[in-house]
Each structure stands twice: as C-alpha cells, then as structure tokens.
Amino acid sequence: MTYAYDPQNIFARILRGEIPNRTVFENAHALAFHDINPQAPVHVLVIPKGAYMSLDHFAAEASAEEQAGFMAAVAEVCRISGLAPGFRAIANTREDGLQEVPHFHLHILGGRSLGRMLP
Ligand code: AMP
C-alpha cells in the first residue's frame, strides 16, 4: 500500500507551531495534547512528529526509534493523566474508520467508565 500524506492537515500545522495546542507531553518523536472536543473527562491525542497519515502507515514505515518514542509518550500520557483505573485507545483510520484528520493520532480516553467498545 502507498500512503499519501497531506502536509496541510491541521495536526501538521500544530506540529509546525502554526496553530496552538494544549500540550500534555512532548518528546523527540511525539506530541500529546488535549482534544479540542473532549468525549470523556480525559481525552488526549498522541501524534508522531513524522509525516504518517495513519496507524498502519506509522507501523509499516516509521523507524524503531520513532515507534519507541511514540509509545513512550503514550506511557507518559497515561501516567500524567491518572489512567490507572483504565482507558481506551482508538485510532480511527481512513473512510471506514471515519478518520477526520489525516495525520496518525491515537485517542486516549478515560476518567470514567467508557461502556462497550461499539454501539
Ligand atoms: P478523528 O480524525 O476522527 O480520529 O478525530 C480527530 C480529532 O481531532 C477529533 O476528536 C477532534 O475533536 C480533534 N481535533 C480537531 N482539531 C483539533 C485541534 N485544533 N486541537 C485539538 N484537537 C483537535
């Protein structure tokens, strides 16, 4: 599969500092920030700094260092956000997954019981 990345997407603009964000955590390979339209008491988006459009793109083509940096950021978000009781991680992907922003992002949702995975 080939992956076409649009550098004008809103998360690319956040990474370039063109749009503000409420940062939760940042390292060399990832940025985590509060979702602008939270669906739970904790709703943080973790994004890689590299130009990857989706989870499968990131998993297929990101370096081991980028992937490790991303997962380290996920761990920090969970620790900082007090998610020991549990959480849900969602990566909406392309059309069937109703992905709105074409830069890979992992939603980290928690702070309450989240109910069943799908309605
Ligand atoms: P999706 O692509 O469907 O997985 O969801 C994109 C998510 O990005 C939605 O939950 C939006 O609320 C969120 N979002 C869109 N623009 C911003 C922004 N400028 N800052 C933070 N979150 C945003």
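## The ligand and its surroundings

In this predicted model, an oxygen atom of the ligand is 2.7 Å from an N or O atom in the side chain of His 107. The protein covers 86% of the 510 Å² of accessible area that the ligand has on its own (Shrake-Rupley method, 1.4 Å probe). The side chain of His 105 also has an N or O atom 2.7 Å from an oxygen atom of the ligand. For Asp 35, a polar side-chain atom lies 2.5 Å from a ligand oxygen atom.

The shell around the ligand has 16 residues, and the closest are Asp 35, Asn 92, Glu 100, His 105 and His 107; a residue is near the ligand if one of its heavy atoms lies within 4 Å of it. Helix 1 (10–15) and strand 2 (30–34) each supply at least two residues of this shell, and helix 1 gives the most, with 3 residues. Helices (H or I, at least four residues) and strands (E, at least two) are DSSP runs numbered from the N terminus.

The ligand takes up the space of the largest pocket. A pocket is an open set of points on a 1 Å grid over the protein atoms alone, where a 1.4 Å probe fits, with protein on both sides within 12 Å along at least five of seven lines. A molecule sits in a pocket if more than half of its atoms lie within 2 Å of its grid points.

## Basis of the model

Residues are numbered from 1 along each chain as its sequence is written, and side-chain values use heavy atoms, with hydrogens and water left out. Because the model is predicted, local features need pLDDT of at least 70 and side-chain atom pairs count only at pLDDT 80 or more, while totals for chains, interfaces and linings use all residues.

Ser 54 is in the loop between strand 3 (42–48) and helix 2 (55–61). Ser 54 counts as buried because its relative accessibility is 1%; buried means under 20% relative accessible area, exposed over 50%, and partly exposed in between (1.4 Å probe, protein chains only). Leaving aside residues up to four places away in sequence, Ser 54 touches Tyr 3, Thr 93, Arg 94, Gln 99 and Phe 104, where contact means heavy atoms within 4.5 Å.

The side chain of Ser 54 makes polar contacts with the side chains of Asp 56, at 2.5 Å, and Arg 94, at 3.4 Å. A polar contact is a pair of N or O atoms within 3.5 Å; within protein, one must be able to donate a hydrogen and the other to accept it, and residues adjacent in sequence count only if both atoms are side-chain atoms. Arg 94 is in the loop between strand 4 (87–90) and strand 5 (106–110) and is partly exposed, with a relative accessible area of 27%.

## Positive phi values

Most residues other than glycine have a negative phi. Phi of Arg 94 is near 50°, a positive value, and phi of Leu 98 is near 55°, also positive. Leu 98 is in the loop between strand 4 and strand 5, and at 68% relative accessibility Leu 98 counts as exposed.

## Either side of helix 1

Asn 9 is in the segment before helix 1. Asn 9 is buried, with a relative accessible area of 4%, and its side chain reaches the backbone nitrogen of Phe 11 at 3.0 Å.

Glu 18 is in the loop between helix 1 and strand 1 (23–26). Glu 18 counts as partly exposed at 43% relative accessibility, and a polar contact of 2.8 Å joins the side chains of Glu 18 and Arg 16.

How values were computed
On a 1 Å grid over the protein atoms alone, a cavity is a set of points where a 1.4 Å probe fits but cannot get out, and a pocket is an open set with protein on both sides within 12 Å along at least five of seven lines; lining residues have an atom within 4 Å of a point.
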